[in-house]
Amino acid sequence: MKLLLLLSLIGFCWAQYDPHTQYGRTAIVHLFEWRWADIAKECERYLAPNGFGGVQISPPNENSVINNPSRPWWERYQPVSYKICTRSGNEGEFQDMVTRCNNVGVRIYVDAVINHMCGSGNPAGTSSTCGSYYNPNNRDFPSVPYSGWDFNDGKCQTNNGEIQNYNDAAQVRDCRLSGLLDLALGKDYVRTTIANYMNHLIDIGVAGFRLDASKHMWPGDIKAVLDKLNNLNTKWFSEGSRPFIYQEVIDLGGEAISSSEYFGNGRVTEFKYGAKLGTVMRKWNGEKMAYLKNWGEGWGFMPSDRALVFVDNHDNQRGHGAGGASILTFWDARLYKMAVGFMLAHPYGFTRVMSSYSWPRYFENGKDINDWVGPPNDNGVTKEVTINADTTCGNGWICEHRWRQIRNMVAFRNVVQSQPFANWWDNGSNQVAFGRGNKGFIVFNNDDWSLSSTLQTGLPAGTYCDVISGDKINGDCTGIKIYVSNDGTAYFSISNSAEDPFIAIHVESKL
C-alpha cells in the first residue's frame with residue numbers, strides 16, 4: 001500500500017512536465033496569432049498527418065483593443081476579462097478547435113496571461129475584444145470582477161509602481177511590468193478567479209498552459225494556482241492526468257531570479273538555448289559548431305527534463321524578450337533551418353517550433369520600429385491562413401512549420417525518440433555530425449568550404465533518402481540519396497554553397 005501511494009505521488013509530481021502528446025509525437029508548434037478556425041483546419045490537414053504533437057495558441061481571453069493602425073500583436077497580452085473572445089475567435093470557435101484538434105491527436109496549450117491585467121494608461125471604456133467595460137485607472141474590471149483590492153499597488157516598494165531594478169526579486173514580482181497592472185496573486189480570491197478561468201479551458205479540453213511572465217510571479221503563488229486546477233478532460237486524456245505547465249522565465253544569468261526556482265511547478269523556457277545556438281550558427285565571438293558536442297547541460301542550461309526549448313519565439317524574433325541580435329528567425333532562412341534542424345535532431349529538452357507572420361521591417365538606429373505590427377489583417381480583422389499550391393502559406397503568413405526541412409525534422413525527432421546521442425564527428429570547425437542510436441543521423445556544413453567525408457552513421461545498411469533536400473515518395477526519393485555500407489559508414493558531400501548545407505537520414509527514410 002505504501003509503495004502504491006509513493007508511486008502515485010511520484011506520478012502526480014511528474015505529471016505537469018508531461019505534454020500529453022500522443023505516443024511518438026515529440027514536438028509542438030506555436031501558431032502565433034492564428035484564428036481558431038484556421039488552427040482547427042491545420043490540425044486536421046497538416047499537423048496530425050505530419051506528426052506534430054500540439055499547438056501553442058495566442059491568449060484566448062478578452063483583451064484591450066489598442067488602436068494602432070493595424071492593432072499591435074502585444075494587445076493580446078493586455079487582458080480585461082477572462083471571456084473567451086478575441087480576434088482569433090469566440091468561445092464556440094475555440095471549443096470547436098480544441099475538439100477537432102484533440103480528435104486527431106493534436107494537443108492545445110494555452111498562453112495564459114495571469115500575472116497582470118491591461119496597462120494602467122489605457123483609457124476607461126469598452127474598447128475591448130468583447131465589448132466589456134473596464135477602467136484601469138480605477139483598477140475596475142467588472143467583467144471578472146477585479147477591483148483595487150486585487151492588485152499589488154500597495155505591495156510594490158518603488159516610487160512609481162514600476163519595476164526599476166531587475167536585481168531586486170521583490171520588485172520584479174510585486175511591481176508593474178511596462179505599466180501592466182500587477183495582480184495580487186498572494187490573495188486567495190485572485191488565485192481562485194484565475195484557476196476558474198484555467199479550469200474552464202481544461203474542461204473544454206486543453207492539455208496545458210504556457211504561463212506568461214512567470215518570472216514576474218512568486219513561484220509559491222503560481223503553485224497555489226496550479227494546486228486549484230482540475231485534472232484533464234477524460235474524453236481525450238487518461239484518468240488523473242494533470243495539465244502540462246511551462247513557465248516563461250527569462251534567465252540569461254546574472255539576475256536576482258533564476259529558472260531553477262520554478263522547476264517545482266513545471267517546465268521552464270530555456271532562453272539561453274536560442275541565444276547561444278544563434279551565436280554559434282552565426283560564428284560570432286569565435287564560436288564553432290564543433291563546440292556543440294556537449295550541448296545542453298554542458299553549456300550551463302537547465303536539466304533537459306525541465307526545459308522547453310526553441311530557436312526563436314514571438315518576442316525575441318522582434319528583438320524583445322531575450323537573446324538580442326544573435327536570435328535566428330525566418331528572416332535568416334538558411335541558418336534558421338540549420339538551427340531548427342539541430343534542435344529537432346538533438347535529444348535535449350522538449351521542442352517548440354515557431355510559426356510566424358511577415359511584417360514590413362523598418363530599421364532606425366539598429367531597431368525595427370515596426371516590431372509592434374499585428375497579424376495580417378483587413379481593418380483589424382485577422383486574415384485567414386491560406387494555403388498555396390506548393391503547400392506554403394499565403395496572406396502574409398510565414399508558416400515555418402510547413403517548410404519541408406522543418407516538417408521532415410519533426411518527423412526525424414519522432415523516429416529517434418528516446419535514442420541516445422551517438423557517433424559525434426566534427427572537423428574542429430563548423431562541420432559536425434551526430435546520430436541518435438541506430439535510428440537517425442544528421443550532418444552539417446556551416447564552414448566556408450565543402451564537406452567531403454565518410455562517417456559512421458550507426459544505421460543499418462541500405463539506401464536512404466535525405467529528408468532535407470527531398471521527400472521519400474512511393475519508395476523513391478525526390479532529393480539526395482545516401483548509401484550506408486554494411487559497416488554503418490556512409491559518404492557525405494555537402495557544398496558550402498548548398499541551399500541547405502545539411503543532410504538528415506533516418507530508418508523510416510530508407511528506400
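To begin with, which residue does a disulfide join to Cys393?

Modeller: The model is a predicted one. In it, Cys393 is joined by a disulfide to Cys399, with an S to S distance of 2.1 Å. The link between Cys393 and Cys399 is left-handed, with -95° about the S-S bond. Both partners are buried: Cys393 has a relative accessibility of 9%, and Cys399 has a relative accessible area of 1%. The cut-off behind that word is a relative accessible area under 20%.

Another of them is formed by Cys43 and Cys101, whose sulfur atoms are 2.1 Å apart. Here distant parts of the chain are linked, since Cys43 lies in helix α2 (residues 36-47) and Cys101 in helix α3 (residues 91-103), 58 residues apart. The torsion about the S-S bond of Cys43 and Cys101 is about 90°, and the disulfide is therefore right-handed. Cys43 counts as buried because its relative accessibility is 0%. Cys101 also counts as buried, at 0% relative accessibility.

A further disulfide is that of Cys465 and Cys477, with the two sulfur atoms 2.1 Å apart. Cys465 is in strand β22 (residues 462-465) and Cys477 in strand β24 (residues 476-477), so this pair ties together parts that are 12 residues apart in sequence. The bond is right-handed because the torsion about the S-S bond of Cys465 and Cys477 is about 65°. As for burial, Cys465 has a relative accessible area of 0% and is buried, while Cys477, at 10% relative accessibility, counts as buried too.

The overall pattern can be stated briefly. When the bonded cysteines of the protein are numbered in sequence order, they pair as 1-3, 2-4, 5-6, 7-8 and 9-10. Cys118, by contrast, takes part in no disulfide. The nearest cysteine sulfur to Cys118 is that of Cys130, 15 Å away, whereas a disulfide requires two cysteine sulfur atoms within 2.5 Å.

To return to the part you asked about, the disulfide of Cys393 and Cys399 is left-handed, whereas that of Cys43 and Cys101 is right-handed, as is that of Cys465 and Cys477.

Note on methods
Residues numbered from 1 in each chain as written. Predicted model: local features only at pLDDT ≥ 70, side-chain atom pairs only at ≥ 80, totals over all residues. Heavy atoms only, no water. Helix = DSSP H or I, 4+ residues; strand = E, 2+ residues; numbered from the N terminus. Buried < 20%, exposed > 50% of the residue type's maximum accessible area, 1.4 Å probe, protein only.
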